[in-house]
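Hello,

Here is the structure I said I would pass on. Please open it first, then read the notes below it.

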Amino acid sequence: MKTQRTIHILLAISGLALAAAPGHAQTGGPLAIIWQATYGPGVSGVVGYALPGDFVQTPDGGFVIAGYAEGPVNGIRTEPICGMSDYWIVKIDAQGQRQWDRSYGGDSALISGDLAFRIFLRADGGFDVAGLTFSPPGCLKTAPLHGAADFWLVRCDAAGAALWDKSYIPRDFSFLYLVDCDPTADGGYLACGAGDPGQKLRYWGVIKLDAQGQQLWSKSFGCSSAILSSTGGPRPVRVRETSDGGFVVAGAYGYGGSSCGDKTSPYYGGDDGWRGSDVCVVRFEAQQNKLWDKTYGGVGAELAVDIAPTPDGGFMIFGSSASPKAANPNSGTKTSLNNGMMDFWVIRIDAHGNQLWDKSYGGAADDVCTHAEPMPDGGWLLSGYSRSLPKPAGGKTAPAFGMEDLWILRIDDQGNRLWDQSFGGSGAEGIAWRRNPPWLDRTRIKRIADGGFLLTGYSESPVSGLKTAPLISHGDFWVLKLGPEPPSLRGEMTAEGKFQLRLIGPPEFQHLIQGSSDLVAWTDLVTVDNPTGKAFWTDPDSAGHRFYRAVRK
């Protein structure tokens, strides 16, 4: 007869001394703030803001942050102002000190003049900055405006000086509200956005560029019979090349768009302005022929913001959901509970788009996911914003500091929550999707070369809460350098009935598993190298320890 014993897994951080180091602040969560900074333009009346879209780490250990800004020059924004909002990139060093900035834009009186959403580091040290333009040529823009709005790509050298700029629109489109751009294996890009020849948001549009920025082809997908408004309807938010040379697009599709035109998947309901309707994913093969389209969701609003391949040929979909658990298969695919008004929502699908599982996380108000960062162990670190107070049953344990906070959530490869953390001041961080399009704010966290993280988001808070960087304009780039993830342990039983410890921790470090029977005396058990960020160890001690912990060597 087997004897059951109680095993306790503890989390410990050892040998880091981060909280005691000068300028470091403990955040009340697992990732320590190493430094934080804000970057913004000057202010003239109600004008003056900057929203970050994306960033890259540079070979010198610094970063280039891309977004867009509206406002006069000051000591941080030094470049010429073209029209209203311009692409704006800021180069900082590894400690967050500003080194230079660049602006790119055309002559436009529109508030939404030129909006940068993505930036990519090229092999020669230069950058490609991609986004949306409403501006005709002039000032710092040479590319023509093909429609009411175009995809605009600016190629820069390592110092940010523009080498060329080109604009694009799908064939027969009268505009393209570009939302995403992603590199392809041949050195080119895929870009996606919403548009239509009939001046309504009816179609998803995809453009393929070669390495020199030449448009090779365009593809559209949509419902010509759908009745759509300027704020609803189809919204492709993420495009990715697939391993077979094809591509997959994820976003939202709504307003009764069920089995119309190119769309064959059902419509479950819940279209709610910028917050979406059903999550929609469409997969194409290398010749741009559609393989399948699928929708996921329930009676409320859903929107996908990211999609990533899995080792088994399927995909992980990341986004947000306001739907309750579906009452039956005809009313939706959502099987997880709704925690509040809107939750982070993760879906796992197979290679054919069949849903395998879904999980939701959040508090009692809006929690909106805007980016998913892959982790070495196969899990994910999700970033977005939160209006919620803590709700441990829903997966949010981090405190609320203001109107909205930046919120990050760590999950493993099966969607199990590991930890969460929030960052904010007394005001608003992030842009509420109830009032604005989803592409206006993409809070992003990325894992960087030293095993730590950089978190970028929009902030309107003064110094307060966890925010120690000043408010420069009405709203700024807020950038936080965060320390590496601490190690974590999970106990599980093997198929042979043995007790096994699963260690998750940054592969840049060695970790030590210790055991104890009384929480006073700790015995070193094994030093673990985990080059993949995940390692397993089966306790050989037949007597067993009641307590285990992982510490960083």
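Tyrosine 68 has a relative accessible area of 3% in this predicted model, so the residue counts as buried, the limit being under 20%. Tyrosine 49 is also buried, with a relative accessible area of 17%.

Tyrosine 49 and tyrosine 68 are arranged edge-to-face, with 6.5 Å centre to centre and 85 degrees between the planes. The pair links distant parts of the chain, since tyrosine 49 is in strand 3 and tyrosine 68 is in strand 4, 19 residues apart.

A tilted pair is formed by phenylalanine 173 and tyrosine 203, at 6.5 Å centre to centre with 55 degrees between the planes. Phenylalanine 173 is in the loop between strand 10 and strand 11, while tyrosine 203 is in strand 13, 30 residues apart. Both residues of this pair are buried.

Trp204, Trp217, Phe221, Phe247 and Phe284 make up one aromatic cluster.

Two lysines are placed over rings. The charged end of lysine 359 is over the ring of tryptophan 357, 5.6 Å from its centre. Lysine 396 lies over the face of tryptophan 407, 5.9 Å from the ring centre.

Four strands form an open sheet in the order 19-20-21-22, with antiparallel pairing. Strands 19 and 22 are at the edges with a single partner strand each, so one side of each has no neighbour in the sheet. From one strand to the next the twist averages 20 degrees. Strands 19 and 20 pair over seven bridges, and leucine 303 stands opposite serine 320 in strand 20.

Regards

Technical notes:
Residues numbered from 1 in each chain as written. Predicted model: local features only at pLDDT ≥ 70, side-chain atom pairs only at ≥ 80, totals over all residues. Heavy atoms only, no water. Pairing = 2+ DSSP bridges. Helix = DSSP H or I, 4+ residues; strand = E, 2+ residues; numbered from the N terminus. Axes fitted to C-alpha atoms, helices over the stretch in contact; angles between N-to-C directions. Phe/Tyr/Trp six-rings, centres within 6.5 Å; stacked < 30°, edge-to-face > 60°. Buried < 20%, exposed > 50% of the residue type's maximum accessible area, 1.4 Å probe, protein only. Lys NZ or Arg CZ within 6 Å of the ring centre and 35° of its normal.
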